[in-house]
Amino acid sequence: MIAVILAAGVGSRLGRPFPKSLSMLPTGERILGRQIRLLREAGVQQIYIVIGFKKTLIMEEFPDVFYRYNPFFYITNTAKSLLCGIKDIDDDVIWMNGDVVFDVEIIQDLVKDIGSYICVDRKSVGEEEVKYTINEDGLISMLSKTVPNPLGEAIGINMVTKELLPSFKDALKQCSDMDYFESAVEILAAQGKFFAPMDISQYKCIEVDFEEDLKEAIKLFSK
C-alpha cells in the first residue's frame with residue numbers, strides 16, 4: 001500500500017509565508033510530520049508527497065519520503081496534483097490533503113478494510129466544506145461543495161484500490177486544471193464506478209483552511 005499526500009498548494013486562506021502543511025501543532029510536530037508518523041504507525045511505509053509552493057522547505061524538513069513535483073501548482077488544483085502523485089503507481093493508494101489533522105484510527109481502519117473509500121464525517125456539514133450524498137446502494141453519487149441535502153462532509157482522507165486506480169487516473173485526466181479531485185469521483189460515479197463512504201465521525205479530524213481551523217486543531221490535539 002502507498003500513501004500520497006497533497007502539499008503543493010499555496011494555502012492563501014491561512015496566510016502563512018510557508019506551506020500550511022508545515023504549521024506547528026502543540027505536540028511539537030508539523031501537520032505534515034504528524035501525517036507521516038501516523039501513516040507509518042499504521043503500517044504504510046511508502047509515502048509520496050506532491051510538492052509545489054516553496055517545495056525545498058518541505059523536502060529539507062522531511063528527507064526520508066518520496067516526492068513528486070507539480071510544476072503547475074499555481075494554475076492547477078488537487079485533481080492534477082493527485083494525478084501527478086499516482087500517475088505511475090499500480091497499488092492500493094491512500095491519499096490525503098496535506099492540511100488534515102486526524103486520529104490514527106482513521107488510517108488503521110482503512111488499512112484493515114481495503115476498498116475504495118471516501119472518509120466522511122456526519123457530525124456537521126460546513127458551508128465551505130466538500131459534502132456528499134449516496135445512491136440507493138449506499139455508494140457516493142455526489143461529492144462537491146454544492147451537494148443538495150448532504151449527509152455529511154468529506155474530510156480529505158480517501159482510498160482507491162489497485163483495481164479501480166486505472167479508471168480513477170482516466171477520470172483525473174478528464175478534470176479541468178482547476179478541478180478538485182472530488183470531480184473525478186463524480187465522473188466515475190456517472191460511469192457506474194463508485195467509492196463508498198467510510199464514516200469516521202467517532203474520531204477527531206479537522207482540515208486546516210483558515211486561522212480558526214488551526215486554532216481548533218491546536219485545541220483538539222493539544223495532548
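What follows is a friendly conversation about how the terms used for this structure are applied.

Biologist: Where do the values come from?

Modeller: This is a predicted model, in which local features need pLDDT of at least 70 and side-chain atom pairs count only at pLDDT 80 or more, while totals for chains, interfaces and linings use all residues. Residues are numbered from 1 along each chain as its sequence is written, and side-chain values use heavy atoms, with hydrogens and water left out.

Biologist: Why is Tyr-74 called exposed?

Modeller: Buried means under 20% relative accessible area, exposed means over 50%, and partly exposed lies in between, with a 1.4 Å probe and protein chains only. Tyr-74 has 60% relative accessibility, so it counts as exposed. Tyr-74 sits in the loop between β3 (66-69) and α3 (78-86), where helices (H or I, at least four residues) and strands (E, at least two) are DSSP runs numbered from the N terminus.

Biologist: What makes the nonpolar surface patch?

Modeller: Phe-72, Tyr-74 and Ile-75 make a patch of about 380 Å². The rule takes residues with over 30% relative accessible area and no salt bridge, joining nonpolar side chains (Val, Leu, Ile, Met, Phe, Trp, Tyr) within 5 Å and like charges within 9 Å. The areas come from the Shrake-Rupley method.

Biologist: What makes α3 mostly covered?

Modeller: Nine of its nine residues are buried, among them Thr-78, Lys-80 and Cys-84. Their cover includes β1 (2-7), β2, β3, β4 (93-97) and α5 (165-174).

Biologist: How do you know that Cys-84 is in no disulfide?

Modeller: A disulfide is a covalent bond between the sulfur atoms of two cysteines. The rule asks for a pair of cysteine sulfur atoms within 2.5 Å, and the structure holds zero disulfides. For Cys-84, the nearest cysteine sulfur is that of Cys-175, 15 Å away. Cys-84 has a relative accessible area of 13%, so it is buried.

Biologist: And why is the sulfur of Cys-205 too far for a bond?

Modeller: Its closest cysteine sulfur, in Cys-119, is 8.1 Å away, which is too far for a bond. Cys-205 also counts as buried, because its relative accessibility is 17%.

Biologist: What makes a set of residues a nonpolar core?

Modeller: The set holds buried Ala, Val, Leu, Ile, Met, Phe, Trp, Tyr and Cys residues joined through side-chain atoms within 4.5 Å. In soluble globular proteins, nonpolar side chains tend to be buried together. Here the largest nonpolar core has 35 residues, and Ile-49, Phe-102, Ile-106 and Ile-157 touch the most other members. A second, separate core of 34 residues includes Ile-86, Ile-89, Val-93 and Ile-140.

Biologist: Which residues is Ile-157 in contact with, leaving aside its neighbours within four places in sequence?

Modeller: They include Trp-95, Met-96, Phe-102, Leu-110 and Cys-119. Contact means heavy atoms within 4.5 Å.

Biologist: What links Lys-20, Asp-99 and Asp-209?

Modeller: A network of salt bridges does. Lys-20 also meets Asp-209 in a salt bridge at 3.1 Å, N to O. By the rule, the count comes to ten salt bridges.

Biologist: How do you know that Arg-40 forms a salt bridge with Asp-64?

Modeller: Their closest N and O atoms are 3.1 Å apart. Arg-40 lies in helix α1 and Asp-64 in the loop between α2 and β3, so the pair ties together parts that are 24 residues apart in sequence. Arg-40 counts as partly exposed, because its relative accessibility is 26%.

Biologist: Last, what is the phi of Lys-54?

Modeller: Phi of Lys-54 is near 45°, a positive value in a residue other than glycine. Lys-54 lies in the loop between β2 (46-51) and α2 (55-61), and its relative accessible area is 38%, so it is partly exposed. Asn-149 has a positive phi of about 50° although it is not a glycine, and at 70% relative accessibility Asn-149 counts as exposed.

Methods: Accessible areas come from the Shrake-Rupley method with a 1.4 Å probe; for residues, only the protein chains shown count as cover. A salt bridge is a side-chain nitrogen of Lys or Arg within 4 Å of a carboxyl oxygen of Asp or Glu.
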